[in-house]
Amino acid sequence: MKSTRVLQKLALTVVMTVIAVLLLFPLVITFTNSFMTEREIGINYKQIGQINEVTAGNRNSFVNLKLVPDVISLEQYGKILVSNSIFLVMFWRSVFLVVPIIAGQTLVAALAAYAFSKLQFRGREVLFLVYLLTMLMPFQVTLVPNYIMADRLGLLNSSNAIILPGIFAAFGVFMLRQFMLPIPYSYIEAAKLDGAGHLRIFSTIIFPMIKPGLAALIILLFVDYWNMVEQPLIFLDDPFKQPLSVYLSNINQGERGVAFAASMLYMTPMVLLFLYAETYFIEGIQLSGIKG
Amino acid sequence: MSIKGRLRKDATVAGMFLLPSIIGFSLFYIIPFAMGVYYSFMDSSVNSQFVGLDNYRELIASESFQKAAANTFYFTGVSVPVMLALSLGLAMLLNQNVYFRSWLRTAYVLPLVVPVASVILIWQILLDWNGSLNAWLSIFGFERVDWMKTDAARTVVIVVYLWKNVGYNIILFLAGLQQIPKDYYETAQIEGAGRFRQFGSITLVYLTPTMFFVIIMSIINSFKVFRETYLIAGDYPHDSIYMLQHYMNNMFMSLDVQKLTAAATMMVGCILLIVILLFMLERRFRQFME
């Protein structure tokens, strides 16, 4: 009886591990391939994009996907970080776009979420539904109006055309509201009896209580905006203003050699942040979902 | 204090808390939205005139729009249910007794935080005509498939979407599962309910609120898969994965504001409908639970 249970547990673990390995496969390849030399990358992947007719009957025309490099080298990293400084410039440009969005949205959204979850006012439900709806829309839906709006406000070709809409996006409001809803109203009543105003209640009671939510929101926003491609392409004409995400999608098409190392450096902040704050992240996502 | 009194007093405070958000939100979302709807009823000339539903008629008649709308419906219609089933299944397995549970969970969630642009390269290597996927298939004697240039692209886009988002939903479902009291199952077992019965009458019923949230997030995320297709296949991908977002992007590039705004308005209408429907279902279900 006991041994079958252990066996079952083992079998289940094996299945789940296989799935996990499949899911992580792209990341592992990126990692190992980033240590290959330019020459090796060139040889392994030169068949990509070759014309079908040429290779149709040829059994040996496939790319040579390798997990372990012949020689472990830092050549590609050196190229990106030392001899080709554009990468670092773009990296910082991404940071300067993403950080204000995260800081701004977290603050603005926390305030709004307090009103939506802890205060009574007419039209609350309807207004919240409007927020929720914009969150559901793909970016392209507001493209033209946003473009015209940015033009009227003189924001075109400036990073503010991306930062400002980011700050006021509805996702943060939605998420933080979910975190505030389960906090009992009696906390607020007790604080009121002690003479605290709403701003005080918000900053000293509610805000500290939703820390996991804030952490989760920050990570989710980081993931989302670190990644953006459409917005910079449309709002920033100047190629020298583009963030790393756009630059990287360009080198993927050209220099395959450095692309692995660039990808690796590009995803590392995200992965590290995730591993560091995973508990918060998961708790955050979970709490926001359960009280739906 | 009476409810009315609280309502009045709260309203002023609420206004203050909402003010920054409302100003920015109106400026960058509500007003642009309204402008978009307005443009969709105007003709293209500079001193524009109201043309009623003309733009919509033209749009619906347009072949590329039909294609894009059909593909988008197909993609969301297939990928969201598959995602639900897959993530619920994995969450239930992960909720059982397994070794390295937290490691496994980390592995499933990790794709979520990986930036799209940094894995494009891998998709190319895997999916090319000379790519690794075909190399592996050829070992087993299968014919090569040109993954991104045939109808197979549909499947690829769905798989990429699942890869990226399954972890998020697993987390949500895990939380939902852990909320269900264990003694419900024990009681059911004593009463002689089988596994399927337990799944249907306990697990599914108590997961409904979670399900609601998962569906909403899955729909949102299904629109984001556009980035992947865009980065792999460009402005004009294979017909089978030409989505509404491609269409709108291309209308933007060719400055066809009328078609673009009409398409956007229609998309908003559809999403609105879906959400309202979901909300109504959820509300009805809640009443039923109480």
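The largest pocket in this predicted model holds about 1,300 Å³ of space. Its lining consists of 26 residues, and those nearest the pocket centre are M92(B), N95(B), Q96(B), R195(B) and Q198(B). Those five carry the chain B label, but chain A takes part in the lining as well: helix 1 of chain A, residues 2-33, supplies at least two residues. From chain B, helix 3 (63-95), helix 7 (152-179), helix 8 (182-190) and helix 9 (195-233) each do likewise. Which helix gives the most to this lining? Helix 1 of chain A does, with six residues. Sorted by class, the pocket lining has eleven nonpolar, ten polar and five charged residues.

Next, the interface. On the chain A side 113 residues are in contact, and they meet 101 residues of chain B. The size of an interface is often given as the accessible area lost when the parts come together. Here the two chains bury about 9,800 Å² between them, with 75% of that on carbon and sulfur atoms. Polar contacts across the interface number eleven residue pairs, both partners at pLDDT 80 or more. The rule also finds two salt bridges between chain A and chain B. R227(B) and E230(A) are joined by a salt bridge between their side chains, at 3.1 Å from N to O. On the side of chain A that touches chain B, helix 1 of chain A again has the largest share, 16 residues. That side divides into 76 nonpolar, 28 polar and nine charged residues.

How many cavities of 30 Å³ or more does a search of the whole structure find? It finds six. The largest cavity has about 1,000 Å³ of space. It is lined by 43 residues, and closest to its centre are D224(A), Y225(A), I220(B), K224(B) and R227(B). The largest share, eight residues, comes from helix 9 of chain B. By class, the lining of the largest cavity is 26 nonpolar, eleven polar and six charged residues.

Last, the second largest cavity, at about 40 Å³. Among the residues that line it are N71(B), Y74(B), F75(B), R154(B) and M243(B). Helix 3 and helix 7 of chain B each supply at least two residues here, and the lining splits into six nonpolar, two polar and one charged.

Definitions and conventions. Residues numbered from 1 in each chain as written. Chains lettered and ligands numbered in written order. Predicted model: local features only at pLDDT ≥ 70, side-chain atom pairs only at ≥ 80, totals over all residues. Heavy atoms only, no water. 1 Å grid on protein atoms, 1.4 Å probe; cavity = no way out; pocket = protein on both sides within 12 Å on 5 of 7 lines; lining within 4 Å. Points joined across faces, edges and corners; volume = space filled by probe spheres on them. Helix = DSSP H or I, 4+ residues; strand = E, 2+ residues; numbered from the N terminus. Nonpolar A, V, L, I, M, F, W, Y, C, P; charged D, E, K, R; others polar. Contact = heavy atoms within 4.5 Å. Buried area = accessible area lost by both parts, 1.4 Å probe. Salt bridge = Lys/Arg side-chain N within 4 Å of Asp/Glu carboxyl O. Polar contact = N/O pair within 3.5 Å; in protein donor to acceptor, adjacent residues only side chain to side chain.
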